[in-house]
Amino acid sequence: MADLETFREQTRAWLEANCPPEMRTPMRSEDDACWGGRHFKFQSEAQEQWLRVMGEKGWTVPDWPAAYGGGGLSPAETKILKEEMKAIGARNPLSSFGISMLGPALLKYGTEEQKKRFLPEIARGEIRWCQGYSEPGAGSDLAGLQTKAEDMGDHYLVNGQKVWTSYADKADWIFCLVRTSTESKHGGISFLLFDMESEGVSTKPILLISGYSPFCETFFDNVRVPKDQLVGEVNRGWNVAKYLLGHEREMISGMGLGSGTSKTLAQSLGEIDDAILAAEVALFDVDALAFAAMSEHFIDQLKAGEAHPAMPSMMKYAGTELNKKRHELIMAAGGSDALEWESERSRGGKAPREWLRTKANSIEGGTSEVQLGIVAKHILQLPGA
């Protein structure tokens, strides 16, 4: 305990000395997130400095091994770091699918050469990744994917299409599920990594109801992929895919925690004249606090390798439904003013756009119905599930 208290004091002092004041304010919108990558344009010098110092410290991925660009911290030390960052309102220095999804999969299934090549770049924010999973005919039935990778001897030749590829138009590389055999539905899938600037790769944005478009269609036309960019064994990529999905659902479930501030929804909204609405907000805050406690316990179990395999599905469902409810209450509390779409006063329709965006939360990463089916079968063990 004494060692942890010393670590806390040292961490607090380091953050105080190195976190720019501008990075201690709440993000105003998704545009304030730092994604890194080859083409990322920093919003400010403070944002660039915060990523650089945290990357040098290994604290963008504090629990990754130091040999791969991480901080080499224990679970207890990682929790202290997050607590101290939250205490000063420090922003996340780096949002990255490489951190939340691909990194854990590479740590488990990647070769030593792949870990040394990709993980430090991910940790420093030098490479931005997108996820090539869903296809027009393979969403909930992901194993039905048809994007083909043909063995050409020293490389694979990839042809096909992906859909709902988040930020594909901004990503540097993609981790992609491809079919390398038709003999078995699940057994014929492989997991490839390749550069989005490879010849034959193209993207087309998909416009959402919110007016924003993080999603894209992604097309592959005779894309050459070196064989050393296969993760895991050929035709055994489904194992990698399932492991990564667990981490994706963990990431999406985090939306249930809201903006990351210590304020409850009631504190954020201020005085509410409608007694029934005020009661609904209070009930929501109780659920949100319970979810936060459960989320902390879940993360501890996950990091220790003790979490039930279906737990990410339970947390994903709970977190996305909670986030949808949060924004429904924000809209209700805002009244007709919350419907403003483009005014300066409404910050470009922030409230309604974010409310509409939450509808996708219960679809992406596996629909709520799919998650409930997994919980029913593997946790509750209901008959016929």
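Student: Ground rules: buried means under 20% relative accessible area, exposed over 50%, and partly exposed in between, using a 1.4 Å probe and protein chains only. So what is the relative accessible area of Asp337?

Tutor: Asp337 has 44%, so it is partly exposed. This is a predicted model, where local features need pLDDT of at least 70 and side-chain atom pairs count only at pLDDT 80 or more, while totals for chains, interfaces and linings use all residues. Residues are numbered from 1 along each chain as its sequence is written, and side-chain values use heavy atoms, with hydrogens and water left out.

Student: Which residue does Asp337 form a salt bridge with?

Tutor: Arg345, with the closest N and O atoms 3.3 Å apart. A salt bridge here is a side-chain nitrogen of Lys or Arg within 4 Å of a carboxyl oxygen of Asp or Glu.

Student: And is Arg345 buried or exposed?

Tutor: Exposed, at 59% relative accessibility. Elsewhere, salt bridges with shared partners join Arg8, Arg12, Glu83 and Glu84 into one network.

Student: How many salt bridges are there in the whole structure?

Tutor: A search finds 22.

Student: OK, Lys79. What does Glu296 do with it?

Tutor: The two form a salt bridge, with 3.3 Å between the closest N and O atoms. Glu296 sits in helix α8 (residues 275-303) and Lys79 in helix α3 (residues 75-87), so the pair ties together parts 217 residues apart in sequence. Helices are DSSP runs of H or I with at least four residues, strands are E runs of at least two, and both are numbered from the N terminus.

Student: What about Asp300 and Lys79?

Tutor: They also form a salt bridge, and their closest N and O atoms are 2.8 Å apart. Asp300 is in helix α8 and Lys79 in helix α3, so this pair links parts of the chain 221 residues apart. Asp300 counts as partly exposed, at 35% relative accessibility.

Student: Switching topic. What does UniProt list for residues 4-126?

Tutor: An unreviewed entry gives "domain: Acyl-CoA dehydrogenase/oxidase N-terminal". UniProt positions use the numbering used here, feature names are shortened, and annotations may be inferred rather than shown by experiment. That stretch is 54% helix and 0% strand, with its end C-alpha atoms 31 Å apart.

Student: Which annotation covers residues 130-223?

Tutor: "domain: Acyl-CoA oxidase/dehydrogenase middle", again from an unreviewed UniProt entry. Here the chain is 0% helix and 45% strand, and the end C-alpha atoms are 16 Å apart.
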